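Reader: I'm new to this one. Could you walk me through how to read it?
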Amino acid sequence: MEFAFYFSAGVAVAATLMVITNTRAVHALLYLVTSLLAVSMCFFSLGAPFAGVLEIIVYAGAIMVLFVFVVMMLNLGSGSENQERQWLSPRGWIGPAVLSGLLLAQLLYVLFSEPTSAVITGESVDAKAVGFALFGPYILAVELAAMMLLGAMVTAFHIGRHEAKEIA
């Protein structure tokens, strides 16, 4: 399990560096999804399967869909159609696909290997403990994060709508 943790942490760092250095928004989003999946694998290898599943569902699923909608709402104009076709070429998917494939191979290895004595140990965190932690002392932080996401989405919609009116 220690190997799984360090391997997925390395993939997360590599994918995050690609997010930072990539100039195309769609490619950066693909690398961000890969990075979030790698962080989820870190949680699985540390014995926190609930946190890993939450990472996949909330961040890699819902938040990334929100980011894609924001990119779509910005409406870059008719000149961006050819650029989008270039973004959707198979060449743009090679990096995220390779890193995601490595994570899948690691997950299959961890699931089907025999248990060994690992250096990283800990208790399994269940859903009830996470719920008490999130909606107990950290309820204000959870609600503030939700309001920030709502504000970001409304701002992106307003910016995209304003630019669309100027073009028309």
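**Reading the helices and what they bury**

Author: The protein's secondary structure consists of seven helices and zero strands. Helices (H or I, at least four residues) and strands (E, at least two) are DSSP runs, numbered from the N terminus. This is a predicted model, where local features need pLDDT of at least 70 and side-chain atom pairs count only at pLDDT 80 or more, while totals for chains, interfaces and linings use all residues. Residues are numbered from 1 along each chain as its sequence is written, and side-chain values use heavy atoms, with hydrogens and water left out.

Reader: How do I read burial, and what percentage of the residues in the protein is buried?

Author: Buried means under 20% relative accessible area, exposed over 50%, and partly exposed in between (1.4 Å probe, protein chains only). Here, buried residues make up 21% of the 168 residues.

Reader: Which residues make up the largest nonpolar core?

Author: A nonpolar core is a set of buried Ala, Val, Leu, Ile, Met, Phe, Trp, Tyr and Cys residues joined through side-chain atoms within 4.5 Å. In this protein the largest one has eight residues: V11, A12, A15, Y31, A38, M41, L99 and L103. Helix 1 (2–21), helix 2 (25–45) and helix 5 are the elements that give two or more residues to this core.

Reader: And contacts? What does Y31 touch?

Author: Contact means heavy atoms within 4.5 Å. Not counting residues up to four places away in sequence, Y31 touches A15, M18, V19, N22, G95, P96 and L99.

Reader: Is Q106 buried or exposed?

Author: Q106 lies in helix 5 (residues 90–112). With a relative accessible area of 4%, Q106 is buried. Leaving aside neighbours within four places in sequence, Q106 is in contact with A4, F5, F7, S8 and M41. A polar atom of the Q106 side chain also lies 2.6 Å from the backbone oxygen of A4.

How values were computed:
Polar contact = N/O pair within 3.5 Å; in protein donor to acceptor, adjacent residues only side chain to side chain.
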